[in-house]
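Thanks for making the time this morning. I would like to walk through a few local features of one model, taking the surface, a sheet and a loop in turn.

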Amino acid sequence: FARLNPFQIQNRKHEVILRKPGSLHGQQVTLENLEDCEVYICETSAQVFVDCCQKTLILLGPCESSAFVRDCEDCTIWCAAQQLRTRECKRCKFYVYSKTAPIIESSYDLTLAPWCAKYPCSGGHFHAMRFDVTRNLWNAVFDFSGEKDRPHWQIASLEDMEELEVTLDGEGPAENLVPKVTHEMLCAPPLESEEPCGQGLAIPQPKPPLPERTDGPRKRSVVDKPAKSLPGIPSGQNDQEFRDGHWECSRCTLKNTAAASSCIACGNFKNEVTEVTGSTWRCPSCTLENHRSVSSCAACGKARAVPSQIAPAAGGLFGS
């Protein structure tokens, strides 16, 4: 049953795992002991822990507090968070949106670049976290293990970067409100952090060399959803219910047991059809476009009207 926990993804190899918008309700997420996997968290979270992962590609949608990445090697991570913190990481590449200065410790051969990923509802998620997309401290790194004349991180050139685009069926277009990465952005000095993060300590902070001007970046596209989210459960058989009785949630794609009448991840009922047309609904109070899975506005908190609260049109329920 541990593998059915939507908030903890552990002990996986050679798998593609997806969490759709509205599936995690802003809870804490843990990724641990993953090898040669792809994990796309297209959702907000309260806090993220990524531990002991190898050769894994990870997308982390906006995190309300810190994203901790520890004991990871040869991973590629797109991360948007209040703060990125790494410890004991080697040869990892990070595409970062960080509201405060990223912290690295006992980490070596890291490569950093600004956030460059898009997925449906990304704009609403950044808005909900109150992230100012024009103020990204991705390169204001503080290294608690800093050594004189030996930076433990480098800045990616454009040709070394990958722009990630995740397209989800029925979720609207992929979007990214963070400014497009340019060579000038890669070479710009870091912004000043509004919060202290160790600058008063006598630890050397050598700066990495600036990248050369190149073409790029490359593009990586992920379409729809993974063929499997749990090993041993067949996919593509009626798209809703499988021959062994498991069924896939239409909202978050988690495979649930046959006995479950609603999804253990997001609460979506087995055969539930949303009353909202399209992937979003507009708040009548502040006009924010919210994801169809949420019942109240992410910006102002106003509840979404349900069908029983909506008066029928003139001429009857279906009009004349």
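Let me begin with the surface, where E159, D160, E212 and D215 form a negative patch; please keep in mind throughout that what we are looking at is a predicted model. Of these residues I will follow E212, which sits in the loop that runs between α2, residues 183-187, and β15, residues 218-223. E212 counts as exposed because its relative accessible area is 64%, and the cut-off for that word is over 50%.

As a reminder, strands in a sheet pair through backbone hydrogen bonds, and they may do so in parallel or antiparallel fashion. Looking at β11 in detail, this strand is joined by 2 bridges to β14, which spans residues 162-167, and the two run parallel.

Finally, let us turn to P21, in the loop between β2, residues 16-19, and β3, residues 29-35. Is P21 buried or exposed? P21 is buried, because its relative accessible area is 0%, where buried means under 20%. Along the chain P21 and E43 are 22 residues apart, yet their C-alpha atoms are separated by 4.7 Å.

Notes
Residues numbered from 1 in each chain as written. Predicted model: local features only at pLDDT ≥ 70, side-chain atom pairs only at ≥ 80, totals over all residues. Heavy atoms only, no water. Patch = residues over 30% accessible without salt bridge, like charges linked within 9 Å, V, L, I, M, F, W, Y side chains within 5 Å. Areas by Shrake-Rupley, 256 points an atom, 1.4 Å probe, with all protein chains shown as cover. Salt bridge = Lys/Arg side-chain N within 4 Å of Asp/Glu carboxyl O. Lys, Arg positive; Asp, Glu negative; His and termini not counted. Charge placed at Lys NZ, Arg CZ, Asp CG, Glu CD. Helix = DSSP H or I, 4+ residues; strand = E, 2+ residues; numbered from the N terminus. Buried < 20%, exposed > 50% of the residue type's maximum accessible area, 1.4 Å probe, protein only. Pairing = 2+ DSSP bridges.
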